[in-house]
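Please open the model in your viewer and keep a selection tool at hand. The stops below are to be visited in order.

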Amino acid sequence: MKMFNYFAYGSNMLTERLRNRCPSAQPIGIAIANGYGLEFVKRSMDHSGKATLIKGDGPGRQAYGVLYEIENEDLADLDKAEGKGSGYNRIDDFRVKLFADGKQVQAKTYIASPEAIDTGLKPYDWYQALVIQGAVQNKLAEEYIDSLCNFTSIIDPKPDRKTRKKATEALVRAGVKDFTQILKGTTEMKKPAL
């Protein structure tokens, strides 16, 4: 079976979320995209801000994420879930560095197209919770998790939204009963109960 590497830096860092879209997804480890930062400025159809990587020249600018290995047959579903061609561009030769050994790896990832960026947007609370919990689940650096918590989110005005329901179901499968607790307190509080 042919596989590809995928760098997840947003809601797909949560394994339960990604496996709902790509059942073959297997986490390889933490990876870093040097020269990029994460921002919630990609315009979504639900009028909120979704995560994207923004290139920058600042010293030490880097975005953490999770490198997954996925079977090629899941790529079309990943493209659809990520909105390839509808606000996100798929980058097939994106370079990341594995945190464990510093090895450079080529991966696929999705970055917002310039016309889909709106710096006035904020993420919905449930979406930010997905991103934070994915970072906690995969043991990203505590300082980076804290930086994800520092973004301001907004409450979704449609609590019955289908995408919100799917997100909260993924969080429950990951051991999180109340996603609002992820957005409060310290990193220690964000870890799901065993």
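This is a predicted model: local features need pLDDT of at least 70, side-chain atom pairs count only at pLDDT 80 or more; totals for chains, interfaces and linings use all residues.

Residues are numbered from 1 along each chain as its sequence is written, and side-chain values use heavy atoms, with hydrogens and water left out.

**Helix pair.** Select H3 (residues 125–137) and H5 (residues 162–173), whose axes lie 10 Å apart at an angle of about 30°. The two helices are therefore roughly parallel (angles under 35 degrees). Next, display the contact (heavy atoms within 4.5 Å): H3 contributes Trp126, Ala129, Leu130 and Gln133, and H5 contributes Thr163, Arg164, Ala167 and Leu171.

**Core.** Select Tyr6, Phe7, Ile70 and Leu140, the residues with the most contacts inside the largest nonpolar core, which has 56 residues. Such a core is a set of buried Ala, Val, Leu, Ile, Met, Phe, Trp, Tyr and Cys residues joined through side-chain atoms within 4.5 Å, where buried means under 20% relative accessible area (1.4 Å probe, protein chains only). H3 supplies the largest share of this core, eight residues. Then centre on Leu140: leaving aside neighbours within four places in sequence, its contacts include Met13, Ile30 and Tyr64.

**Loop residues.** Select His47, in the loop between strands E3 (36–43) and E4 (49–55). His47 is not a glycine, yet has a positive phi of about 70°. His47 is exposed (over 50%), at a relative accessible area of 66%. Finally, select Lys139, in the loop between H3 and H4 (142–149); its phi is positive, near 60°.

Conventions. Axes are lines fitted to C-alpha atoms, for helices over the stretch in contact, and angles run from 0 to 180 degrees between N-to-C directions. Helices (H or I, at least four residues) and strands (E, at least two) are DSSP runs, numbered from the N terminus. Angles under 35 degrees count as roughly parallel, over 145 as roughly antiparallel, 65 to 115 as roughly perpendicular and the rest as oblique.
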